[in-house]
Amino acid sequence: MAATDVDTFVNDVTRSLELGGHVGFDSLPDQLVSKSVTQGFCFNILCVGETGIGKSTLMNTLFNTLFEDEEASHYQNGVYLRPKTYDLKESNVQLKLTVVDTVGFGDQINKDESYKPIVDYIDNQFETYLQEEMKIKRSLYNYHDTRIHICLYFIAPTGHSLKSLDLVTMKKLDSKVNIIPIIAKADTISKSELHKFKIKIMSELVSNGVQIYQFPTEDEAVTEINSSMNAHLPFAVVGSLEEVKVGNKMVKARLYPWGTVQVENESHCDFVKLREMLLRVNMEDLREQTHARHYELYRRCKLEEMGFKDTDPDSQPFSLQETYEAKRKEFLGDLQHKEEEMRQMFVNKVKETEAELKEKERELHERFEQLKRMHQEEKRNLEEKRRDLEEEMNAFNRRKVAAETLMGQSMQGSSQQIRKDKEKKN
Amino acid sequence: MTCTLSHPAQQKLLEGYVGFANLPNQVYRKSVKRGFEFTLMVVGESGLGKSTLINSLFLTDLYSPEYPGPSHRIKKTVQVEQCKVLVKEGGVQLLLTIVDTPGFGDAVDNSNCWQPVIDHIDSKFEDYLNSESRVNRRQMPDNRVHCCLYFIAPSGHGLKPLDIEFMKRLHEKVNIVPLIAKADTMTPEECQQFKKQIMREITEHKIKIYEFPETDDEEENKVVKKIKDRLPLAVVGSNTIIVVNEKRVRGRQYPWGVAEVENGEHCDFTILRNMLIRTHMQDLKDVTNNVHYENYRSRKLAAVTYNGVDNNKNKGPMTKPDTSEGMSPLAQMEEERREHVAKMKKMEMEMEQVFEMKVKEKIQKLRDSEQELQRRHEQMKKNLEAQHKELEEKRRQHEEEKNTWESQQRLLEQQKLDASRTLEKNKKKKIF
């Protein structure tokens, strides 16, 4: 008996077993981490805020490096996004950082369409990733991921409330990207004003249904710090690369006549909290949320738009092959239909023209039939005339013959007479 | 207006501690929370000690009296059996799936006994592909086979035809790690010879067994080189613990001594365990995902796109670049649509041309026949006119003749009359 008949026995019950010693798979996380470190990481930050609100300065301060940037002008026609990528390295970790700036945001007189370029940019990055993921031959493991992991929304330090532009924009972005709102140039607000401002902002966000990013609290290692930070949102930040001597240390600060605002002093501003949350604690979670939530949502909407479904009307799950085949059948059917249509159109055209030409032919024949008949008649006329003439000629000839005969006779007679007469005379 | 990302990355030096160096720790934490999965397949004839090796590897009784191993069950055909266990160590959770193939190579006629194995691997790939392609995706369980331990019988001579056949058919679907089973039946020298022979045959038949990746680390590379020199690994497994020199070790008790499983001088078991579990487990998963699965996927999708078997026949696993392979099936449909539109345009133009030409022809014909008929009509007319003229001429002649004759006759008559009158006169004269 050939050994080709298969009997697949699957034991679906998962048992938990005790190990009798150290096997060694507890190194798995290390193996995973060392692989990721070798590959390097990607992180993409989108900064949304008015011109001059301090986006570039904050980025410089956050990453302790001067990202070259010319100052943006206020006279842009519209909003456009300027992404810049940098390769950074800290101890053995390589980070490919992309900072996307929104140039011209808030500068136009009519800001209705301001959010659009931002939404389009975010969608484009999703789309590029989706296209790569759907390719037949793809290379996802060395794909440069450009999807935006975090959107820092800069709120102007008016001290009153959010601007309507802020609410509109954040509402458009909250289902597409992780948003962390921050109050910029926080050194222009006093502590009590700041407290009221924060409360006002958070309540406005909640009442308008804007979903901002919540630091995750499921992981016990970070629950405490994350939940306390959640309460400090939005972070009031100050940015500066200039160093000022305070005590016997050089610290990053802004020097005013009335005092020095220290960037890294937690009682002066929330910069340290932002850095802590963004880079040191939740960077990986931001990346995960972008991939597992925002990107999946985009993908789901896109596929549904294109007509893909997971189950057919009878709730039987589709296999990928079936889905593609169905799509393909539809597509081919569509093409064939178009071809048929065109052929049909031509057939009709040909028929029409044929009919026309036949009609013309018929007319022509009729005309000539008519002419033919005319000819026939004329011919008959002619024939008649000819016969008449012939008859006349015959009649004439008879007359002539008769006359000549008569004349002949009379000539004879008269000559006889003459002779007679002559004889008589004689 | 948006800018697309098409600019080079600049290298920047940090002037102080930023903090993203903590990222690996974040990744570590998250991965521990998620837990790990691994599927290991063991293939080999009955009695080569596969189940025993698994128990030894994972230091647990995967196969025990309550859950007897496949070798203890009676089978008549090749089976594919899967068994899942959840094990924990140092806070790390591993969902281990062991796939066994009892009956493999045990029949008299073993043709195609690898087919169930191939089918199993493919069906796991298919499951993953389908769940990856769903519109609503959730956490996708990874049940793909990450590693296949192939047990070679310790004949001492070389690979059997079945071994070669199996490995050739599966080396592009799964990571194959060939092992020499029951290595305690060979002396070290015999083992060396055997290994050399096997590796020779593997190279000869161009079989691609799992390759250990090169790293940047010098130390690691040295270790990898040492492993490579000892391939294929010769292993011994045991379910029993024996006391040797007051130490409790796993081993096989013989009258002449104890073959210790974890003794590097006795067999390569430790190397196998270190490689399989402690250092290269993640890499095995990655190679499965990035190479074997992607091969399967691109082949599957290419077949679907071209809607035919032809595509599968012509293309091997890694094929030369084709326009189709750079696109997703949907993009491909777009391309086809565009092609079709161009084709239709051309067809339309051609049809138009043909149509115009035919119409012109017909009209020309019509004109020609019109002309012809016109000509004939003219001719007939001329003919008739000529006849008319002729007739007229005849008539005129005839009239002329008649008139002449009639006038002649009249003259003659007159003359006659005159003559007869004269005669009469004469007669009258004469009489008198």
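Residues are numbered from 1 along each chain as its sequence is written, and chains are lettered from A and ligands numbered from 1 in the order in which they are written. Because the model is predicted, local features need pLDDT of at least 70 and side-chain atom pairs count only at pLDDT 80 or more, while totals for chains, interfaces and linings use all residues; side-chain values use heavy atoms, with hydrogens and water left out.

Colleague: How many helices and strands does the secondary structure of chain B come to?

Modeller: Helices (H or I, at least four residues) and strands (E, at least two) are DSSP runs, numbered from the N terminus. For chain B, the secondary structure comes to 10 helices and 10 strands.

Colleague: What percentage of the 432 residues in chain B is buried?

Modeller: A residue is buried under 20% relative accessible area, exposed over 50% and partly exposed in between, with a 1.4 Å probe and protein chains only. By this rule, the buried share of the 432 residues in chain B is 44%.

Colleague: How many of the eight residues of helix H2 of chain B are buried?

Modeller: Helix H2 of chain B spans residues 50-57. Its buried residues are B:Lys50, B:Ser51, B:Leu53, B:Ile54, B:Asn55, B:Ser56 and B:Leu57. What covers them includes strand E2 (36-43), strand E4 (92-100), strand E5 (147-152), strand E6 (176-180), E9 and H7 of chain B. H2(B) is therefore largely enclosed by the rest of the structure, and the number of its eight residues that are buried is seven.

Colleague: Are H2(B) and H7(B) roughly parallel or roughly perpendicular to each other?

Modeller: Two packed helices are described by the angle between their axes and the distance between the axes. Axes are lines fitted to C-alpha atoms, for helices over the stretch in contact, and angles run from 0 to 180 degrees between N-to-C directions; angles under 35 degrees count as roughly parallel, over 145 as roughly antiparallel, 65 to 115 as roughly perpendicular and the rest as oblique. The axes of H2(B) and H7(B), the latter being residues 269-279, come within 11 Å and cross at roughly 70 degrees. The two helices are therefore roughly perpendicular.

Colleague: Which residues of H7(B) make the contact with H2(B)?

Modeller: Contact means heavy atoms within 4.5 Å. On the side of H2(B), the contact is made by B:Leu53, B:Ser56 and B:Leu57. On the side of H7(B), the residues are B:Phe269, B:Leu272, B:Arg273, B:Leu276 and B:Ile277.

Colleague: Which residue in E9(B) is the bridge partner of B:Ile242?

Modeller: E8(B) and E9(B) run antiparallel and are joined by four bridges. They form a hairpin with two residues between them, and B:Asn245 in the turn has a positive phi of about 50 degrees. In E9(B), the partner of B:Ile242 is B:Val249.

Colleague: How far apart in space are A:Leu371 and A:Glu296, C-alpha to C-alpha?

Modeller: A:Leu371 is found in helix H9 (residues 320-425) of chain A. At 17% relative accessibility, A:Leu371 counts as buried. In sequence, A:Leu371 and A:Glu296 are 75 residues apart, and in space their C-alpha to C-alpha separation is 84 Å.

Note on methods:
Two strands pair if DSSP finds at least two bridges between them.
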